[in-house]
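Colleague: I have a structure open and would like to go through it with you. Could you take my questions one at a time?

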Amino acid sequence: MTRIAALQHPNAGITLMSRWITGTPERSRAAADALLDASTGDAAHAQLALHVFEDADGAGLLTHAQWTSAEDHLAFVREGRAARVTRVDTLVPGIERPGLDRTHLYRSTVFDADGAAELFVVTRHDTGGRPEDQRAWADARAAALTDAGYEGLLAAHFHLTVGGERVVEIAEWASAAGIADLEAAHGPRVPHSRYRFYR
C-alpha cells in the first residue's frame, strides 16, 4: 500500500512536481523506468527521493521529487540535469513537460490512515501570489473537506509553491467511485488530474 505520508522524506527542503505528457501507457512506463534508472545512475546526493505516478488513462506521468534544498536542486540543474533528461528523451522522444511546481508541504488532513489509496487526485489552485493567501486557502479547504466527510476520501495534502502563486492539493481516494459520487452531488470540480502510483 502506497500513501503520500509514507513517501514524505523528513529532511526534504523542497518538493518538485512535474507533469509529463507522453501519449500512451507504454510510453509513460518506459519514460518512468528510464527516469528512475537515470536518477539512480547519476546519484545526485541532494535528491532524497523520487516517486513517479502514472495518469489514470496512461497518457502521462507526475514526478514527485524531494530535495535537500532549492539551492541544491539548482546546482544539480546546472551540473547534471541535462544528462539525465537526455537519457530519458533518447529512449522516449517527444515528451512534453508543461511546467514544474516548486513546493513545500504545508499541511496534511488525514481521514483514514490505514486505507489503501487507489487514486491520487492532483489539483492546482491559484491563490494570487501571497503566502498568507496560500495558507488561508489551504486551511479553509482542509476545514471544508473535514466538514463534508466525503466517502472514500482518505487524505488531502497541501503543498505551497515557493513563489506564492498556488496551492497544489494531492487528495488520496480509496476508489474512483467516491470521486464520481462527489461530482454527482456537487458538480465537476476545477480541472484536476488522476494518478495511480507507479514506483
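Colleague: Is Arg-78 buried or exposed?

Modeller: This is a predicted model, and in it Arg-78 counts as exposed because its relative accessibility is 64%, whereas exposed requires over 50%. Arg-78 is part of helix α3, which covers residues 70–79.

Colleague: And how far apart are Arg-78 and Pro-191 in space?

Modeller: Their C-alpha atoms are 33 Å apart, and in sequence the two are 113 residues apart.

Colleague: Let us turn to Ala-34. Where is that one found?

Modeller: Ala-34 belongs to helix α2. Ala-34 is buried because its relative accessible area is 9%, and buried means under 20%.

Colleague: What does Ala-34 touch?

Modeller: Setting aside residues up to four places away in sequence, Ala-34 touches Val-88 and Leu-91. There is also Arg-87: Ala-34 and Arg-87 are 53 residues apart in sequence, yet 7.3 Å apart in space from C-alpha to C-alpha.

Colleague: How many residues does α2 have, and how far does it reach?

Modeller: Helix α2 spans residues 25–42, which is 18 residues. From its first C-alpha to its last it reaches 26 Å, close to the 26 Å expected at 1.5 Å a residue.

Colleague: Which residues of α2 are buried?

Modeller: Among them are Ser-28, Ala-31, Leu-35, Leu-36 and Ser-39. The buried residues of α2 pack against strands β1 (14–21), β2 (47–55) and β3 (60–67), and against helix α4 (81–91).

Colleague: Now α4. Which of its residues are buried?

Modeller: Arg-84, Val-85 and Val-88 are buried in α4. These residues lie on the same side of α4, because they cover an arc of only 90° around the axis. The face turned away from that buried side carries Ala-82 and Thr-90, which are exposed.

Colleague: What covers the buried residues of α4?

Modeller: The cover includes the strands β1, β2, β3 and β4, together with the helices α2 and α3.

Colleague: Changing topic: in what order do the strands of the barrel come?

Modeller: Eight strands close into a barrel in the order β1-β3-β2-β8-β5-β7-β6-β4, with antiparallel pairing. On average, neighbouring strands of this sheet are turned by 35° against each other, direction ignored. Helix α2 packs on the sheet and touches β1, β2 and β3, and its direction makes about 175° with that of β2.

Colleague: Which other helix lies across strands?

Modeller: Helix α5, residues 131–148, lies across β4, β5 (119–126), β6 (153–161) and β7 (166–173). Helix α5 runs at about 175° to β6.

Colleague: What holds paired strands together in general?

Modeller: Strands of a sheet pair through backbone hydrogen bonds, and the pairing can be parallel or antiparallel.

Colleague: Then how many bridges does β1 make with β3?

Modeller: β1 and β3 pair over eight bridges, in the antiparallel sense. Six bridges join β1 to strand β4 (residues 96–110), and these two strands also run antiparallel. Thr-15 illustrates both pairings: its bridge partner in β3 is Gln-66, and its bridge partner in β4 is Thr-103. As for how covered β1 is, six of its eight residues are buried.

Colleague: Why is β5 described as largely enclosed?

Modeller: Six of the eight residues of β5 are buried, so β5 is largely enclosed by the rest of the structure. β5 pairs with β7 over eight antiparallel bridges, and there Leu-119 has Trp-173 as its partner. With strand β8 (residues 192–197), β5 pairs over four bridges, again in the antiparallel sense. In that pairing, the partner of Val-122 is Ser-193.

Colleague: Last topic: which residues touch the most other members of the largest nonpolar core?

Modeller: They are Trp-20 and Trp-67, in a core of 19 residues. β1, α2, β2 and β3 are the elements that give two or more residues to this core, and the largest share, five residues, comes from α2.

Colleague: What is Trp-20 in contact with?

Modeller: Leaving aside neighbours within four places in sequence, the contacts of Trp-20 include Ala-31, Leu-35, Leu-61, Val-88 and Ile-95. A second, separate core has 14 residues, including Ala-138, Leu-153, Leu-160 and Ala-171.

Methods
Residues numbered from 1 in each chain as written. Predicted model: local features only at pLDDT ≥ 70, side-chain atom pairs only at ≥ 80, totals over all residues. Heavy atoms only, no water. Buried < 20%, exposed > 50% of the residue type's maximum accessible area, 1.4 Å probe, protein only. Expected span 1.5 Å × (residues − 1). Contact = heavy atoms within 4.5 Å. Pairing = 2+ DSSP bridges. Core = buried A, V, L, I, M, F, W, Y, C linked by side-chain atoms within 4.5 Å. Axes fitted to C-alpha atoms, helices over the stretch in contact; angles between N-to-C directions. Arc of directions from axis to C-beta.
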